[in-house]
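Visitor: Hi! I'm new to this one, could you walk me through it?
Guide: Happy to, here it is.
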Amino acid sequence: MTSRETFDRLAEKFPSFELAYVEGKDPAILVKADNLVELAQHLRDEEGYDYCSSITGVDYPDRFEVVYHLYSMKKEGGPVILKVHASREEPEVPSVVSLWPGADWQEREVWDLMGIRFSDHPNLKRVLMWEGFQGHPLRKDFPGTQDEYTFS
Amino acid sequence: MTEQDMVPPELRRNVLIAPIDYVYNLGRAASVWPLMFGLACCAFEMIVSVTSRYDLARFGMEFLRASPRQAELMFVAGTVTKKMAPQVVRLYDQMPEPKYVLAMGACAISGGPFKDGYNVVPGADKLLPVDVYVPGCPPRPETLIDGIIKLHKQIRGEHIRTSPWYRKGVEREIPVPEYGPWGLVLPKEEKSE
């Protein structure tokens, strides 16, 4: 759970980032894409959030959103939830593979199914669908697949 | 000399006369070896059916064969995803004839809850000629055994003369689907014809 104290501490440390606190059942910290890697580096090195449990893409009517769940194995704490907005037309978010190598396939999966690009990713290609597949099937406006193969 | 006298006495009580279909099919039905091959959670029910509690060896299925060349029954145990579909068809093509397919569980029958998904074949019968459908999600081992008994009944009802397995000049190999931009497509050399 991202506590209010965690947010206040981070907002005080990085006043230029204009962090926002997202209320809800699972409160989160909204961060701009440009500042994501720096904030994540601080969380990993200084606050001990050494485990990036999941990276998820969300399709909203006006935007895409990438959600990061960070846990700490040392403190047995977490998750700290980070949210990043991306534009509807050219969704692009910086990659965090350099911080957590386990983010590699998770970011590839988000790219594969949601079509959100991760800049500076070492190997951004499809992981679940095959190469040559058109579109990103978990987007709301995905038209659906058509098979011409049936047994007769 | 009567007909009775022509048969040597030591054979008189030891010869049975039966149609060849009956004897042949009895032997065939009593040793159907399935392919060791699972796709999703139904595979666990298939595996537990082989263990000592349910004991598929009672039905002549001594063990699941690890090679398609030694198997004659394919349990399609689970969801057939489009990414796995070419491999499923290739395994079926590699099995020697006569061969049978048993669709196990809701996913293999119709796609189940994933029918409308972007990556699921809505039923194994879109790819393979399915003989027996075993419903359930997943089916219990008893249900699977019931399906196997149904398959035995089907095998015992076949005739050598009319069986599709022994006809000449029939192209029975199933074309392996390929990945296309929007889903599965037919192989390229077939499309050009």
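This is a predicted model: local features need pLDDT of at least 70, side-chain atom pairs count only at pLDDT 80 or more; totals for chains, interfaces and linings use all residues.
We'll go through the sheet, its helices, the cores and then the chains.

Visitor: What is the strand order in the open sheet of chain B?
Guide: The order is 1-2-3, in an open sheet of 3 strands with parallel pairing. Helices (H or I, at least four residues) and strands (E, at least two) are DSSP runs, numbered from the N terminus, and two strands pair if DSSP finds at least two bridges between them.

Visitor: Which strands stand at the edges?
Guide: Strand 1 (73–77) and strand 3 (132–134) of chain B do; each has a single partner strand, so one side of each is left without a neighbour in the sheet. From one strand to the next, the twist averages 20°.

Visitor: And how many bridges join strand 1 and strand 2 of chain B?
Guide: Strand 1 and strand 2 (residues 100–104) of chain B are paired in the parallel sense over 5 bridges. B:M74, for instance, has B:V101 of strand 2 as its bridge partner.

Visitor: What packs on that sheet?
Guide: Helix 3 (residues 42–50) of chain B does, touching strand 1 and strand 2 of chain B. Helix 6 (residues 141–156) of chain B also packs on the sheet, touching strand 2 and strand 3 of chain B. Contact here is between residues whose C-beta atoms, placed from the backbone, lie within 7 Å.

Visitor: How do the axes of helix 3 and helix 6 of chain B cross?
Guide: They come within 9 Å and cross at roughly 75°. That makes helix 3 of chain B roughly perpendicular to helix 6 of chain B, a label for angles of 65 to 115 degrees. Axes are lines fitted to C-alpha atoms, for helices over the stretch in contact, and angles run from 0 to 180 degrees between N-to-C directions.

Visitor: Which residues make that contact?
Guide: On helix 3 of chain B they are B:E45, B:M46, B:V48 and B:S49, and on helix 6 of chain B they are B:P141, B:L144 and B:I145.

Visitor: New topic: how many residues are in the largest nonpolar core?
Guide: It has 44 residues, and those with the most contacts inside it are B:M74, B:V76, B:L102, B:A103 and B:M104. A nonpolar core is a set of buried Ala, Val, Leu, Ile, Met, Phe, Trp, Tyr and Cys residues joined through C-beta atoms within 7 Å. A residue is buried if 20 or more other C-beta atoms lie within 10 Å of its own, exposed if 12 or fewer, and partly exposed in between. A second, separate core of 30 residues includes A:I29, A:L82, A:V97 and A:L113.

Visitor: Is B:A57 buried or exposed?
Guide: B:A57 is exposed, with 11 other C-beta atoms within 10 Å. You'll find B:A57 in the loop between helix 3 and strand 1 of chain B.

Visitor: What about chain A, how many helices and strands?
Guide: Chain A has 3 helices and 7 strands, running α-β-β-α-β-β-β-β-α-β from the N terminus on. Of the 152 residues in chain A, 30% are buried.

Visitor: How many residues does each chain give to the contact between them?
Guide: Chain B gives 17 residues and chain A gives 14 residues.

Technical notes:
Residues are numbered from 1 along each chain as its sequence is written. Chains are lettered from A and ligands numbered from 1 in the order in which they are written. Two residues are in contact if their C-beta atoms, placed from the backbone, lie within 7 Å. Angles under 35 degrees count as roughly parallel, over 145 as roughly antiparallel, 65 to 115 as roughly perpendicular and the rest as oblique.
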